[in-house]
Amino acid sequence: MYIPEVPDNSLTDNLNKLVQLTQQLSGEYSFFYSSPLNERDIAEIEKNNNIVFPVSYKEWLQFTNEARICGAIAEFYDINKILNSSSFVQGDTVIIGSIIGDGEIVCFSKSDGVLFTNDHGDIYEVESFDDILLGVIEQLQYRL
């Protein structure tokens, strides 16, 4: 199983925890991580799509561009596929992933870069992608 190298950024501590849990649980559960994007690639995607990603989401993309974590615990979509699909870009909202497989989605606003989750119509703003990772890590720890 491929696990990308953890970049040195504000997500590093929780990315290291995610990697450790992935290694511990990979015998029982499925995981997938794609290759990361570099800063140049991210800047080009932003420019070509007239969009600015939240800083912490850019840091996630420097770890992996797409991930399926422990089956349905979390899925984060390939940013190029997202931006080329009207089902992921709805007005000002860009859907970047889903959590726990029950309909909760992870999004950000194109106009102000605010990250948020939408849990069946209930909107919860998050300060950083790190907050999303903490929830994923907590779910993974329950499986140990």
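## Surface and charge

The protein chain exposes about 7500 Å², and carbon and sulfur atoms supply 44% of that area (accessible areas come from the Shrake-Rupley method with a 1.4 Å probe, and for residues only the protein chains shown count as cover). Keep in mind that this is a predicted model, where local features need pLDDT of at least 70, side-chain atom pairs count only at pLDDT 80 or more, and totals for chains, interfaces and linings use all residues. Residues are numbered from 1 along each chain as its sequence is written, and side-chain values use heavy atoms, with hydrogens and water left out.

As for charge, the chain has 8 positive and 23 negative charges, and their mean positions are 8 Å apart. Lys and Arg count as positive and Asp and Glu as negative, while His and the chain ends are not counted; each charge is placed at NZ of Lys, CZ of Arg, CG of Asp or CD of Glu.

## Overall layout

You'll find five helices and eight strands here (DSSP runs numbered from the N terminus: H or I of at least four residues for helices, E of at least two for strands). Along the sequence they follow the pattern α-β-α-α-β-β-α-β-β-β-β-β-α. The C-alpha trace spans about 40 × 35 × 25 Å along its principal axes.

Of the 144 residues, 47% count as buried (under 20% relative accessible area; exposed is over 50%, partly exposed in between, with a 1.4 Å probe and protein chains only).

## The core

The largest nonpolar core has 43 residues, and Leu 18, Trp 60 and Phe 129 are among those with the most contacts inside it. Such a core is a set of buried Ala, Val, Leu, Ile, Met, Phe, Trp, Tyr and Cys residues joined through side-chain atoms within 4.5 Å. Helix α5 (residues 129–141) gives the largest share of this core, six residues.

Leaving aside neighbours within four places in sequence, Trp 60 is in contact (heavy atoms within 4.5 Å) with Leu 11, Leu 15, Leu 18, Ala 67, Ile 69, Phe 76, Phe 129 and Leu 133.

Ile 95 sits in strand β5 (residues 93–99) and counts as buried at 10% relative accessibility.

Most residues other than glycine have a negative phi. Asn 50, though not a glycine, has a positive phi of about 50°; Asn 50 lies in the loop between α2 (39–49) and α3 (55–61) and is exposed at 73% relative accessibility. His 120, also not a glycine, has a positive phi of about 55°, and His 120 belongs to the loop between β7 (115–119) and β8 (122–126).
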